[in-house]
Amino acid sequence: MPAPADLLAPGRAGVERDGYLDLLGAGEDPTGSRPGQRLMASRVLPLIYERLWRPLGGRVLMGALGPGMAGERRIALEMLELGAGDAVLDVACGPGNFTRAFADAVGAGGVVVGLDASRTMLAQAVRERPQDGVAYVRASATDLPFRDGSFDAVCCFAALYLIEDPLLAVTEIVRVLAPGGRVALLSSVARGPLPAGASDAVVRPLTGVRIFGRDDLTRALADGGLVDVRRRVSGLAQFVSARRPGSNPGAP
Ligand SMILES: C[S@@+](CC[C@H](N)C(=O)[O-])C[C@H]1O[C@@H](n2cnc3c(N)ncnc32)[C@H](O)[C@@H]1O
């Protein structure tokens, strides 16, 4: 099992702060300036995010018949096909609401890294249930501080639509995925007669939330060389999974 520090790319180092490793400078804040983006870095939202905001947000995005939080966790675990001892990266982990489920799945021999740019979200993640093998890191999703091919599975749920350059984040996710590694994404998707660009032009300036076109994320993963690219649409959300070809020589 690699230690989280062993996964860092050469030359990357951070400062231990409030229980997480901070790789961003004091003035660096890549979370964005629009209202929905600023909320993620606020003091109050992390306190109510996991038990109130996120379940409600999921309902707004996916409707009353959507999977709910337990269902989303099940979908993530299915798509990531986690096994004992896996190394897992949870990009834009927020307060660790999925990170902890990944740690349970990979067991004591695995390593799980939750990465986020928000200090307050990470501080909340650290306050939640402590677990062996879990490390939290403050860094940007568009500049992941890890070696190429260092993770068996990478998740990014409910965040690409808030990230300023989401396709760069997808490129980074693909880069850190080991041969045979799996990726799971949850984000927005345009539905109905309006083209994605038209909805996005209204919604994003007001909220910071991007509306993806139907093929934007699947195409980005396929262009990055991933295979078995699958999409499942639920309301205004899409779950997307894919796999890097090959098998991990480090796998048991
Ligand atoms: C809505 S939360 C998602 C949390 C969790 N993944 C979930 O599904 O509930 C979005 C997270 O993305 C983070 N975020 C936004 N832009 C980011 C960036 N450029 N790099 C890293 N994290 C970012 C925010 O700080 C926030 O914690």
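This is a predicted model: local features need pLDDT of at least 70, side-chain atom pairs count only at pLDDT 80 or more; totals for chains, interfaces and linings use all residues.
**Exercise 1.** How close do the axes of helix α3 (residues 68–80) and helix α4 (residues 99–106) come, and at what angle do they cross?

*Solution.* Residues are numbered from 1 along each chain as its sequence is written, and side-chain values use heavy atoms, with hydrogens and water left out.

Step 1: the two axes come within 11 Å and cross at roughly 50°. Axes are lines fitted to C-alpha atoms, for helices over the stretch in contact, and angles run from 0 to 180 degrees between N-to-C directions.

Step 2: α3 is therefore oblique to α4. Angles under 35 degrees count as roughly parallel, over 145 as roughly antiparallel, 65 to 115 as roughly perpendicular and the rest as oblique.

Step 3: the residues in contact (heavy atoms within 4.5 Å) are Arg73, Ala76, Leu77 and Leu80 of α3, with Ala101, Phe102 and Ala105 of α4.

Step 4: sorted by class, the contact of α3 with α4 has six nonpolar, no polar and one charged residues. Here Ala, Val, Leu, Ile, Met, Phe, Trp, Tyr, Cys and Pro count as nonpolar, Asp, Glu, Lys and Arg as charged, and the others, Gly among them, as polar.

**Exercise 2.** Now try helix α2. Which residues make its contact with helix α5 (residues 119–127)?

*Solution.* Step 1: the axes of α2 and α5 come within 9 Å and cross at roughly 60°, so α2 is oblique to α5.

Step 1: α2 contributes Leu45, Pro46, Leu47 and Tyr49, and α5 contributes Thr120, Met121, Gln124 and Arg127.

Step 2: by class, these are five nonpolar, two polar and one charged.

**Exercise 3.** How are α2 and α3 oriented to each other?

*Solution.* Step 1: their axes come within 9 Å and cross at roughly 80°.

Step 1: α2 and α3 are therefore roughly perpendicular to each other.

Step 2: on the α2 side the contact uses Arg54, Pro55, Gly58, Arg59 and Met62, and on the α3 side Gly68, Met69 and Glu72.

Step 3: the class count for α2 with α3 is three nonpolar, two polar and three charged residues.

Terms used
Helices (H or I, at least four residues) and strands (E, at least two) are DSSP runs, numbered from the N terminus.
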